[in-house]
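I'd like to walk you through a few local spots and a couple of helix pairs. Have a look at the model first.

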Amino acid sequence: MTIKPYTFDPKNITTGIVHIGVGNFHRAHEQYYTNLILEEKDQQNWGICGVCLLPSDEKIVHHLRSQNLDYTLTVCGRNGKDEVYKIGSLRELIWGIEDPQAVVDKIADPTIKIITLTITEGGYNLDKETNEFNLNDEKIKHDLENATKPSTVFGFIAEGLRQRKNKGNGSITILSCDNLQHNGNTTKKAFTTFIEAQDKELAEWMKSNVTFPNSMVDRITPATTPEDVERLNKKSGIDDKAPVYCEDFVQWVIEDNFIAGRPNWENAGVEFTDDVTAFENMKLSLLNASHMMLSYPSFLKGYRKVDEAMQDKSIVKFIRDYMDIDITPYVPAPKNTDLKLYKQTLIERFANHSVSDQVSRLCFDGISKLPVYIIPNLIKMVNDDKNLTRVAFLFASYRHYLKYKVDDKGHSFEIAEPWLGEKDEKLISSDNALDFLDLSPFKSIDLTSSNKFVALYQKFTEEIKNNGAGETLESIL
């Protein structure tokens with residue numbers, strides 16, 4: 001095992017970036033790239049100030065503060081060799097629950113040039129049916145009426161930008177690092193809608209002072225369990241209360257639209273482009289969608305680790321067929337990209353034994369993920385009269401997972417769906433399988449209007465219930 005410490009002096013680093021949502025992915029991705037470029041003397045004004053806004057963040061804040069915000073990142077090689085990076089790019093950490101004013105002050109600080117976000121797909125507060133920003137959410141209504149006492153990411157950023165405008169502290173870029181179609185456009189829509197409803201003057205100032213580049217992010221980063229902490233520390237010989245581990249593959253493609261300047265991330269391997277669309281479509285349609293295809297069938301078959309599921313030939317064939325037959329026709333390869341190699345690499349990444357990602361992590365929050373990863377291409381498949389077998393099986397598996405909460409082996413489990421509404425719960429509990437197709441995340445397509453889809457879906461819901469997901473899957477390969 002190789003240990004790679006940083007060699008810059010933390011005292012020489014100033015913060016130029018505020019990042020909201022200091023989770024594992026951020027610490028394996030943006031922090032990793034930034035840590036590398038801080039080794040360059042002329043880049044040392046790009047340290048990161050992390051911001052956590054949730055009560056549940058208390059533990060990670062406490063752990064990171066107890067070790068001067070440094071932590072280890074174990075990069076797990078597909079060849080079985082691991083590298084441990086000591087990460088020192090996180091230079092400040094503010095917990096909004098403890099000190100909300102400090103969050104606002106930091107966003108307003110003239111040295112901050114970029115706000116980055118990992119607030120999850122569901123965190124942008126878009127209505128599942130209309131895809132419009134939901135101004136009627138209780139927390140949003142509170143922040144609209146109490147501008148100086150924000151509780152949501154929208155309220156905090158609005159108040160920070162207002163202070164910034166009032167003090168003449170200059171322009172800023174807001175950069176989403178979440179898996180969303182055109183994540184910059186989505187971020188712009190969400191924040192602009194909120195701010196227009198709260199402060200028309202500020203909304204006007206934003207037009208010429210805030211940019212929202214689109215970006216595509218990629219690195220498989222599992223959740224870290226207490227057992228992982230013990231395992232990682234034993235391997236590295238470092239006592240770290242907040243270690244992270246991830247795969248060796250990493251990618252970040254960003255539209256170069258930074259109104260107040262940016263780090264030289266390209267020196268660490270980030271790709272800057274004029275248009276991120278082709279990269280984003282490839283990643284969401286192949287990696288994220290294949291993760292979804294893998295998730296519920298694997299979980300129902302009794303698998304809890306992704307690499308173990310990838311030892312199952314039927315799961316691998318199911319995913320390969322989905323990629324090659326269903327999706328490749330809708331994915332024009334970005335320039336200099338070999339799509340065949342990209343797909344083969346995905347299979348290897350999923351099977352990486354050193355990473356051993358959790359299937360439950362892939363199942364988490366399907367309500368937010370399915371409309372982003374699966375449905376856009378499903379709409380095209382229905383319109384083009386394509387084979388809908390594999391996608392219908394996924395929907396039947398998802399219903400079984402949500403409704404019965406028992407796998408093929410008879411093990412019961414809890415589900416994690418933070419954005420599930422009351423109406424959705426009723427549709428899930430209904431014994432009529434067709435009711436499930438009216439779930440709020442499926443509103444962009446009338447699934448019941450495709451007779452072919454409905455027939456397959458109903459057949460699979462019955463078969464999974466009677467014979468199990470594994471036997472049903474075998475029947476379609």
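Let's start with asparagine 209, which, leaving aside neighbours within four places in sequence, is in contact with Ser171, Ile172 and Ile259; contact here means heavy atoms within 4.5 Å. Before I go on, the housekeeping: this is a predicted model, local features need pLDDT of at least 70, side-chain atom pairs count only at pLDDT 80 or more, and totals for chains, interfaces and linings use all residues. Residues are numbered from 1 along each chain as its sequence is written, and side-chain values use heavy atoms, with hydrogens and water left out.

Back to asparagine 209, which sits in helix α8, residues 200-209. Helices, by the way, are DSSP runs of H or I with at least four residues, strands are runs of E with at least two, and both are numbered from the N terminus. The asparagine 209 side chain reaches the backbone oxygen of tryptophan 205 at 2.9 Å. Buried or exposed, asparagine 209? Its relative accessible area is 16%, so it's buried (that's under 20%, with exposed over 50% and partly exposed in between, using a 1.4 Å probe and protein chains only).

Asparagine 125 isn't a glycine, yet it has a positive phi of about 60°. You'll find asparagine 125 in the loop between β7 (114-117) and α5 (138-145), and it's buried at 12%. Lysine 405, also not a glycine, has a positive phi of about 55°. That one is in the loop between α17 (389-404) and α18 (422-429), and lysine 405 is partly exposed, at 31%.

While we're on loops, serine 151 lies between α5 and α6 (153-167) and is partly exposed at 36%. Its C-alpha is 7.8 Å from that of leucine 53, and those two are 98 residues apart along the chain. Not counting residues up to four places away, serine 151 touches Lys139, His142, Asp143 and Phe156.

Helix α12 (residues 313-327) and helix α20 (residues 469-476) pack at about 50°, with axes 10 Å apart. Axes are lines fitted to C-alpha atoms, for helices over the stretch in contact, and angles run from 0 to 180 degrees between N-to-C directions. So α12 is oblique to α20; under 35 degrees would be roughly parallel, over 145 roughly antiparallel, 65 to 115 roughly perpendicular, and the rest is oblique. The crossing is left-handed, as in the near helix being turned anticlockwise from the far one by less than a right angle, with clockwise being right-handed. Which residues meet? Ser314, Ile315 and Phe318 from α12 meet Leu473, Glu474 and Ile476 from α20.

The other pair is helix α10 (residues 277-300) with α17: their axes come within 9 Å and cross at roughly 50°. That crossing is left-handed. The contact includes Met292, Tyr296 and Phe299 of α10, and Val391, Leu394 and Tyr398 of α17.

Key:
A polar contact is a pair of N or O atoms within 3.5 Å; within protein, one must be able to donate a hydrogen and the other to accept it, and residues adjacent in sequence count only if both atoms are side-chain atoms.
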